[in-house]
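Subject: Structure handover and notes

Dear colleague,

Please find below the structure I promised to pass on. My notes on it come after.

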Amino acid sequence: MGTPWNKANPGLLKQIREDLIEHYPTLHAYEEGAGIVVRGTFPIELPDVGTAERFHITIVLPPGYPKVIPTVFETKGRIPWKPDRHMGEHGAACLFVPEEYRLKYPAGQRFLEFLQGSVRDYFLAQLVFERDNVWPFGQRPHGVDGRHEFFKELLGLPESRLVHSYLSCLAIKDLKGHIFCPCGSGKRIRECHWNEVQLLRARVPRRLAQEGLDTRQVAPARPPASVGSSGKVL
Amino acid sequence: MDADKYLKEVLEAQTLAEDSDEIKALQKRRAEVEKLLRAEFKDSNPRIRYAGSKSKGTMIAESYDLDLTCYFANDDTSAGESLKDIYNNVKKALEKKYKVSPKNTALRLLGLDQDVHGQDFHIDIVPGRFTDADEKDVFLHQEDAQKERLKTNLDVHVSHVKDSGYTDAIRLLKLWRERNDANIKTFVLELLIIDILSAKSLTRFSSQLTFVWEQFRDKSDQLTVKDPANPEGNDLSKLLTNEVRNTLKRVATDTLETIDKQGWEAVFGKPKEGKTAASTEALIAAVTSRQAAGAMKPWAP
């Protein structure tokens, strides 16, 4: 394992701390183990209301941050730990399909943008769901189905069953015209969707397509040692 | 606004009136628990009293627990021969109505709905037995500690905090702990605050809080606490771990910098934070702006 980001780039940790003091003064960055853990309460600010709610959270910034996605935990049991609430069994908040985040932010995000965007969207959505039983930004199906739904949208496919064959095409290093078209027509790709697939290859990184082909179930994230099995910060 | 005037407003907003819904709910829960315990231990007449912030005058609306004692007379063995028996028998009695999570000396009551993770009534019952017929000192069973028996005295604890002259500073610092999710036990935080403030004569809230945070920031490794009810026999150092010290230092450092750069309101927010329910319009406005920005959909592995 290489040098953790906070050792290799102490300026980034300093920037995170300055951003927190300015924008989220009730969140604090601690050095724990090989990474950084941000802990405190996350406010949901609304126009004309001010702070509508605060969530107790812990965010793990792993040694590979910012390329490795931070993991967010809701630590007070405020949100039930149920897949239907997009919460993993250890209180891990399932903010998005990981491949969607990686496509949107290939080099990772500035931590402040992550808080103001993905983290806020998730907890705002939880508030709306509690009130109206509706996910305001929509929701993904659980597991592989949710990841395939994302790729279906991304690739503009009419059916989920085509996701695997298209991703296989996008994952090939040198695409040859004689292979069968991923659309399932039975024709060679050069006589069918060659141009469309080439456009997709320009848009979707090969590595992301390879990740999309991995249908192994993603293990739920586990909280750091400083968060007990109940989710409560020790 | 003057810092002290602002902090007084924060305190007022954190005060629960005796006729408030929250206090009524607390009283109702207490009555339920008391009825259950008295029915289970009808030969014993256990002393069931408020302990914790309700008795010390340090309750804050944002976060409070109901702490109740369940102390048995020194010569009473009907609830159990040993302290451990008492602890387990009180636990068994409470389990007839609640899911019970054992803590070191207390029993925490959770709801019975297994589907709701973290459903927590925020009620702690502390079983114990008086050391003698005077019914002042009490022995508690310790579930997690090496020493099974802990001698303590609720009245000494209550008066140490209640009569300290610093209950308002304690309430503000408990709110600070809650807002920053600082992992320090209430009892330890109270003892530290009283100890620190007793060393200096400060009357303004803002000066008191600043002084406490400066001590947390600059002397976190020198902080010590002693149980006023049992200074030599009850070692509280295990509650002031390096992790707790680091947390106090980090949060205090950030807080002082926040005040310096942005003022007090950045630390405690608007005094009436959370009192206004989010309107549908406010939620729609927030959601709409994020829909346009391409908010991602939540998922589950």
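Predicted model: local features only at pLDDT ≥ 70, side-chain atom pairs only at ≥ 80, totals over all residues.

Residues are numbered from 1 along each chain as its sequence is written, chains are lettered from A and ligands numbered from 1 in the order in which they are written, and side-chain values use heavy atoms, with hydrogens and water left out.

Interface

Between chain A and chain B, 64 residues of chain A are in contact with 44 residues of chain B (contact means heavy atoms within 4.5 Å). The size of an interface is often given as the accessible area lost when the parts come together. Here the area buried between chain A and chain B is about 4600 Å², and carbon and sulfur atoms give 58% of it (buried area is the accessible area, with a 1.4 Å probe, that two parts lose on being put together, summed over both). On the chain A side, Ile21(A), Arg131(A) and Phe137(A) lose the most area to chain B, together 15% of what that side buries.

The rule finds 3 salt bridges across the interface of chain A and chain B (a salt bridge is a side-chain nitrogen of Lys or Arg within 4 Å of a carboxyl oxygen of Asp or Glu). Glu153(A) forms a salt bridge with Lys297(B), with the closest N and O atoms 3.2 Å apart.

Salt bridges

Over all chains, the structure holds 39 salt bridges. Within chain A, Arg140(A) is bridged to Glu153(A), the closest N and O atoms being 3.0 Å apart. This pair links distant parts of the chain, 13 residues apart: Arg140(A) is in the loop between helix H4 (111-132) and helix H5 (143-155) of chain A, and Glu153(A) is in helix H5 of chain A. Helices (H or I, at least four residues) and strands (E, at least two) are DSSP runs, numbered from the N terminus. Arg140(A) is buried, with a relative accessible area of 3%, whereas Glu153(A) is partly exposed at 42%. For these terms, buried means under 20% relative accessible area, exposed over 50%, and partly exposed in between (1.4 Å probe, protein chains only). Both residues belong to a network of salt bridges that links Glu100(A), Arg140(A), Glu149(A), Glu153(A) and Lys297(B).

In chain B, Lys97(B) and Glu32(B) meet in a salt bridge (4.0 Å, N to O). Lys97(B) lies in the loop between helix H4 (83-94) and strand S3 (99-102) of chain B and Glu32(B) in helix H2 (residues 21-40) of chain B, so the pair ties together parts that are 65 residues apart in sequence. Another salt bridge joins Glu40(B) and Lys96(B) (3.1 Å, N to O). Glu40(B) is in helix H2 of chain B and Lys96(B) in the loop between H4 and S3 of chain B, 56 residues apart. Glu40(B) is partly exposed at 33% relative accessibility, and Lys96(B) is exposed at 58%.

Aromatic rings

There are 17 aromatic pairs over all chains. Rings of Phe, Tyr and Trp (its six-membered ring) pair if their centres lie within 6.5 Å; planes under 30 degrees apart count as stacked, over 60 as edge-to-face and the rest as tilted. The rings of Tyr101(A) and Tyr105(A) are tilted, because their planes are at 50°, with centres 5.2 Å apart. Tyr101(A) is buried at 2% relative accessible area, while Tyr105(A) is partly exposed at 22%. Ring pairs also link Tyr24(A), Phe42(A), Phe55(A), Tyr122(A) and Phe123(A) into a cluster.

Strands S6 and S7 of chain B

Strand S6 (residues 138-141) of chain B pairs with S7(B) in the antiparallel sense over 4 bridges (two strands pair if DSSP finds at least two bridges between them). Phe139(B) stands opposite Lys151(B) in S7(B). In a regular strand the side chains alternate between the two faces of the sheet. Strand S7 (residues 149-152) of chain B has Leu150(B) and Thr152(B) on a covered face and Arg149(B) and Lys151(B) on an uncovered one. Arg149(B) also lies over the face of Phe139(B), at 3.7 Å from the ring centre (a charge sits over a ring if NZ of Lys or CZ of Arg is within 6 Å of the ring centre and within 35 degrees of the ring normal).

Regards
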